[in-house]
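Work through the exercises below with the sequence and the structure side by side. Each task is followed by its solution.

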Amino acid sequence: MSQIIVNLVDNAIKFTKVGGIDCELSLDASVSQDLDTNLKFSVTDTGIGIHAEQLEHIFKRFYQVPNSSSGNRDGVGLGLSVCNQLAQLMRGELKVQSEPGKGSRFTFSLPLQIATYQDFLESRAIPASVTNHGPEQRLLVVDDNFVNRKVMSIFLEQRGHTVFQAEDGYDCLEILSREEMDLIVMDLEMPVMDGSETSRKIRENEARSGSAPIPIIAVTAHALEYHKEKALSAGMDAYVVKPVDLEALHNLIMKLIQEPSKPHELESVTAPGTGAPADLDLLRREHNGDEFLLRKIFQAFFSSTTSIFGNFEMAMEEGDTAAVARSAHKMASAASAVKGQRLMRACRFLEEGALAGENWEDVTAKFERLKTLFRELENHIQASGLYQPGASEEP
């Protein structure tokens, strides 16, 4: 919700040269569907306004309203689309009223149920399925990308394992301090504490305590020898390049648990390439054709990428190459989870170019290419019937 508010206020500031901007927050108790209240946040400005023929396009991805005072376009056309999609994901609504030369009013409304303190305590409780020893193996998936964690966890749980999740190295170490694991699947590139540093600390803790080493599989978007050596030196047991063939990964997991590899022996498991925007056949095989699960996966993917595109927009507008590279890496990671190889490759090219200090025109061209491939992926998935914008995850 904070991103919606920030984007709306930022948009009002951008197009208001004279007058002012008013922000209003209110609660409306007269709502239906057994909900207790309706939260409304509105931003009203005295800016340039929007013509009626443009209003129907205002929330479309990558649509840009011309600045009537100069004929120029600001930004990359993601801000209002991001706001609208985030509102839909929260089952809310975003509306606009505008008149050229007088200003605009954007109103975000969100139906809410008022929770009791007991509801809060119950929401914080750890489910029995997490605290009890489950069937087969106890696995820890460590990845800062929500989509990757969700997809891999769903797949492994379908195969009878108990799966724990951590979003960074510190979270991983905290879980290991209180839980025993049979194997860890660790992303190499994470903020706060990356996979290599986390693995070194795990090996140091094992050496001090005299406990048996936990097999660790490194997962990365990079296939260069340097990254393999980095995993090797950190004490990891296997090396997997995204996009991952989950069935092959599962076979590797069972092999490392049942027949522990020699110290620092590395193996590689990578999904085959495809000419389509996404390999939906492979996804269906991995999840036993369960279309409900696939819809949940794509819902998570588009929710995640909506937020990533919001960060992309700010980075591109500010010319922040480091932030562009971070967003490209996150987008590549999310694309790999849905087997979107073409988008993933475009993200890697953009990330590498931004980090290498390429001129801004080349970075912008690569970002335009990324947007084109994202549209193709979105259309491909929508055509499959597995995702529709604004659809709920509920059955």
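**Exercise 1.** State how many helices and strands the protein chain has, and what share of its residues is buried.

Solution. The model is a predicted one. In the protein chain there are 15 helices and nine strands. Next, take burial: a residue is buried if its relative accessible area is under 20%. Buried residues make up 49% of the 395 residues.

**Exercise 2.** Find which residues touch the most other members of the largest nonpolar core, and which helix gives the most to this core.

Solution. The largest nonpolar core has 81 residues, of which Ile-217, Ile-253, Phe-298, Phe-312 and Leu-343 touch the most other members. Helix α12 (residues 291-318) gives the most to this core, namely eleven residues. A second, separate core holds 21 residues, including Ala-166 and Ile-175.

Now take Ile-253 by itself. With its neighbours within four places in sequence left aside, Ile-253 is in contact with Leu-139, Leu-156, Leu-183, Val-185 and Ile-217.

**Exercise 3.** Give the order of the four strands in the open sheet, and explain why one side of β1 and of β3 is left without a neighbour in the sheet.

Solution. The order is β1-β2-β4-β3, with antiparallel pairing. β1 (21-28) and β3 (93-99) stand at the edges and have a single partner strand each, so one side of each lacks a neighbour in the sheet. On average, neighbouring strands of this sheet are turned by 15 degrees against each other, direction ignored.

Then look at one pair. β1 and β2 (residues 37-45) pair over eight bridges, and Leu-27 stands opposite Leu-39 in β2. Finally, helix α1 (residues 2-15) packs on the sheet and touches β1, β2, β3 and β4. The direction of α1 makes about 20 degrees with that of β2.

Conventions
Residues numbered from 1 in each chain as written. Predicted model: local features only at pLDDT ≥ 70, side-chain atom pairs only at ≥ 80, totals over all residues. Heavy atoms only, no water. Helix = DSSP H or I, 4+ residues; strand = E, 2+ residues; numbered from the N terminus. Buried < 20%, exposed > 50% of the residue type's maximum accessible area, 1.4 Å probe, protein only. Core = buried A, V, L, I, M, F, W, Y, C linked by side-chain atoms within 4.5 Å. Contact = heavy atoms within 4.5 Å. Pairing = 2+ DSSP bridges. Axes fitted to C-alpha atoms, helices over the stretch in contact; angles between N-to-C directions.
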